[in-house]
Amino acid sequence: VVLLFKSDPDDTRGWTAELARRLPGVEVRTWPDVGDPADIEFCVGWAFPPGSLRGFPNLKGLQSLGAGVDHVFRDPDLPEALPIARIVDPYMTEDMTQWVMLNVLRFHKQDPDYRRLQAEGRWDELPPPSWRDRRVGVMGLGELGGHALERLRYFGYKLAGWSRTKKRIDRVETFAGEEGLRPFLARTDILVVLLPLTPETEDLLNRERLSRLPKGAFVINAGRGRLLVDEDLIAMLDSGHLGGAALDVFRQEPLAADHAFWKHPKVVITPHVSALTRAETAVPQIVENYRRALAGEPLLHPVDRRRRY
Ligand code: NAP
Ligand code: GLV
């Protein structure tokens, strides 16, 4: 029996149908209708309620419904040896890259300034930035960051990337670890954040680090909200040190109605939709992982519990 958990009940139906269609003969149950906990062999979901996985004595694998797995490690009772997999889906990767392009181009082409001028009915020409000189930096050089950089290359920007371990990427200046962070930030006009949330990356972008970006820099975050300290970002935007921010992820989701980001003139918000997981493209790898988990084979796109991503 496969157990599916999703916080949005409307969304569950499509997933249950797709899983059932591709797993003939396997029963797919939907939380909270667990039935006998001993029946559950494989769990698929997003943010299972803490403690719940420990209650399934025959559980052989956990499939995150997203690329990120910080939601999995929020459970202090996560069974120790449980194999965990995350989604790596070319459809989703392309989706993220397009969201990143939207926002890099928004800031590079001064769109927020031209929208303000339009609102004032002003035909003013701003000094045009050169794409040859524009320095774009991507934090996180994994599935998503690596793909975004590949596409950003087409625009002719000066590219850099930062990761935990040093990478070699054609025509990209690469930096790694704590010692690479300062020089990476100092040369970055448009910062794209595609990092996972781990104990090492939480609150990484605080006032001190944001102040390393050049004056007028832009921040684009689709990694996780907790990578960024909200008050520090707002202070840097208000002081004029930062030119703008595009945010898809937040410390608390949904974003509280009274949060300062909503009405901030320099902040553009999307509600965690930059790269949604789709049943149609993600279920084949989940089905394969179900088979592998039951056979005791290594899962596709496994999560390293030590690194937490
Ligand atoms: P990934 O393939 O695991 O890549 C993660 C990258 O981050 C790797 O390059 C890794 O470095 C780097 N990294 C991790 N910890 C680091 C640290 N302490 N210092 C420096 N670099 C570090 O992950 P992915 O598939 O690209 O996804 C990244 C994240 O995007 C997910 O975890 C999730 O939070 C977010 N996401 C958001 C959405 C959305 O809709 N907003 C959708 C999908 C994913 P190494 O290469 O050295 O290991
Ligand atoms: C979405 O945020 C994901 O991690 O897939």
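Predicted model: local features only at pLDDT ≥ 70, side-chain atom pairs only at ≥ 80, totals over all residues.
**Ligand 2**

I started with ligand 2 and found one of its oxygen atoms 2.7 Å from an N or O atom in the side chain of R224. I'm counting a polar contact as a pair of N or O atoms within 3.5 Å; within protein, one has to be able to donate a hydrogen and the other to accept it, and residues adjacent in sequence count only if both atoms are side-chain atoms. The protein covers 86% of the 190 Å² of accessible area that ligand 2 has on its own. Those areas are Shrake-Rupley with a 1.4 Å probe, and for residues only the protein chains shown count as cover.

Residues are numbered from 1 along each chain as its sequence is written, chains are lettered from A and ligands numbered from 1 in written order, and side-chain values use heavy atoms, without hydrogens and water.

Backbone next: a backbone N or O atom of A67 sits 2.7 Å from an oxygen atom of ligand 2, and a polar backbone atom of G68 is 2.7 Å from an oxygen atom of the ligand. I listed the residues around ligand 2 (a heavy atom within 4 Å) and got W46, G66, A67, G68, M92, R224 and H272.

**Ligand 1**

How many residues surround ligand 1? I got 29, and the closest are R86, L141, T165, K167 and Y309. Y309 has a side-chain N or O atom 2.5 Å from an oxygen atom of ligand 1. I also noted a nitrogen atom of ligand 1 at 2.9 Å from a polar backbone atom of R164, and an oxygen atom at 3.2 Å from a polar backbone atom of G223. The protein covers 92% of the 940 Å² of accessible area that ligand 1 has on its own.

Helices (H or I, at least four residues) and strands (E, at least two) are DSSP runs numbered from the N terminus.

**Helix α9**

I checked α9 (residues 279-295): 17 residues, reaching 23 Å from first C-alpha to last, close to the 24 Å expected at 1.5 Å a residue. That expectation is 1.5 Å times one less than the number of residues. Its buried residues (under 20% relative accessible area, 1.4 Å probe, protein chains only) include A282, I286, N289 and A293. After α9 I found G296 with a positive phi, near 75°.

Conventions. Buried < 20%, exposed > 50% of the residue type's maximum accessible area, 1.4 Å probe, protein only.
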